[in-house]
Amino acid sequence: WIADTISVNHYSDSQYILQSITSYLNYKYVLGTNIDFNRRRNVYYFIKGDFKNWTIIDSIVINVSNSTLIWGDLKLFANKNGNLYSAGVMGLWEYQNYIWKHVISANAPLYDVYGVDEKYVLAVGDFLQFYFYDGSTWQDMKKLLNHNNSNVINISVWTDGKEIFISGILIDEIQKTIVWHGK
């Protein structure tokens with residue numbers, strides 16, 4: 001293992017976090033976040049490159065005058081067919097022709113996205129959010145989870161195209177781990 005650093009300009013009293021990394025079209029792509037409590041703003045970074053050679057492609061400053069994300073701030077996923085997705089606070093985006101297209105608008109965060117190809121993609125998040133993309137339409141699949149408590153945070157999803165696993169937590173009187181499995 002060899003360590004690398006992806007540097008951005010930020011104040012020393014703020015927090016800088018690398019959120020997610022994926023491989024897409026022969027490059028690595030990274031989401032970075034600079035949380036700046038003292039200046040009441042967050043700066044989000046979309047970064048491209050490879051080991052010891054990183055470039056900030058775009059950045060967004062979110063503060064009291066701007067609260068619109070143009071890509072997801074929490075998770076990147078690229079499938080083998082060349083689709084790049086980002087999940088985050090306001091939904092899910094797909095990177096098309098070097099522009100982020102908002103494909104699922106959500107009032108609560110989507111934490112993970114995963115799929116086997118361009119016709120089988122899943123996304124999950126807060127309040128039992130569970131979406132499936134069949135190549136043409138995103139469908140809300142929450143009812144398949146057969147759960148009447150919306151205090152479930154679906155944190156991660158995995159599939160091989162035959163089985164689906166969703167892991168999360170149920171926030172009730174006592175917090176519980178939950179795993180959904182479907183075929």
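Predicted model: local features only at pLDDT ≥ 70, side-chain atom pairs only at ≥ 80, totals over all residues.

Reader: Is Ser20 buried or exposed?

Author: The general idea is a cut-off on relative accessible area: buried is under 20%, exposed is over 50%, and partly exposed is in between, using a 1.4 Å probe and protein chains only. Ser20 has a relative accessible area of 10%, so Ser20 is buried.

Reader: Which residues does Ser20 touch?

Author: Contact means heavy atoms within 4.5 Å. Not counting residues up to four places away in sequence, Ser20 touches Tyr29, Val30, Leu31, Leu74, Lys75 and Leu76. With Leu76 there is also a polar contact: a polar atom of the Ser20 side chain lies 2.9 Å from the backbone nitrogen of Leu76. A polar contact is a pair of N or O atoms within 3.5 Å; within protein, one must be able to donate a hydrogen and the other to accept it, and residues adjacent in sequence count only if both atoms are side-chain atoms.

Reader: Now the sheet. What is the order of the four strands?

Author: Strands of a sheet pair through backbone hydrogen bonds, either parallel or antiparallel. Two strands count as paired if DSSP finds at least two bridges between them. In this model the open sheet has the order β1-β2-β3-β4, with antiparallel pairing. Strands β1 (15–24) and β4 (53–62) stand at the edges with a single partner strand each, so one side of each is left without a neighbour in the sheet. From one strand to the next, the twist averages 20°, with axes taken as lines fitted to C-alpha atoms (for helices over the stretch in contact) and angles running from 0 to 180 degrees between N-to-C directions.

Reader: How many bridges join β2 to β3?

Author: Nine bridges join these antiparallel strands, and Asp36 stands opposite Arg41 in β3. The two strands form a hairpin with four residues between them, and Arg40 in the turn has a positive phi of about 50°.

Reader: And what joins β3 to β4?

Author: Again there are nine bridges, between strand β3 (residues 41–50) and β4, which run antiparallel. Phe46 has Asp58 of β4 as its bridge partner, and Gly49 stands opposite Trp54 in β4. This hairpin has two residues between the strands, with Lys52 taking a positive phi near 65°.

Reader: How many aromatic pairs does the structure hold?

Author: A pair of aromatic rings is described by the distance of the centres and the angle of the planes. Rings of Phe, Tyr and Trp (its six-membered ring) pair if their centres lie within 6.5 Å; planes under 30 degrees apart are stacked, over 60 edge-to-face, and the rest tilted. The structure holds 14 aromatic pairs. One of them, Tyr24 with Tyr95, is edge-to-face, at 6.3 Å centre to centre and 70° between the planes. This pair links distant parts of the chain, with Tyr24 in strand β1 and Tyr95 in strand β7 (residues 91–96), 71 residues apart. Tyr24 is buried, at 9% relative accessible area, and Tyr95 counts as buried at 9% too.

Reader: Why is the pair of Tyr29 and Phe46 stacked?

Author: The ring centres of Tyr29 and Phe46 are 5.5 Å apart with the planes at 25°, so the pair is stacked. Tyr29 lies in strand β2 (residues 27–36) and Phe46 in strand β3, 17 residues apart. Both Tyr29 and Phe46 are buried. Ring pairs link Tyr24, Tyr29, Phe46, Trp71, Tyr95, Tyr98 and Trp100 into a cluster.

Key. Residues numbered from 1 in each chain as written. Heavy atoms only, no water.
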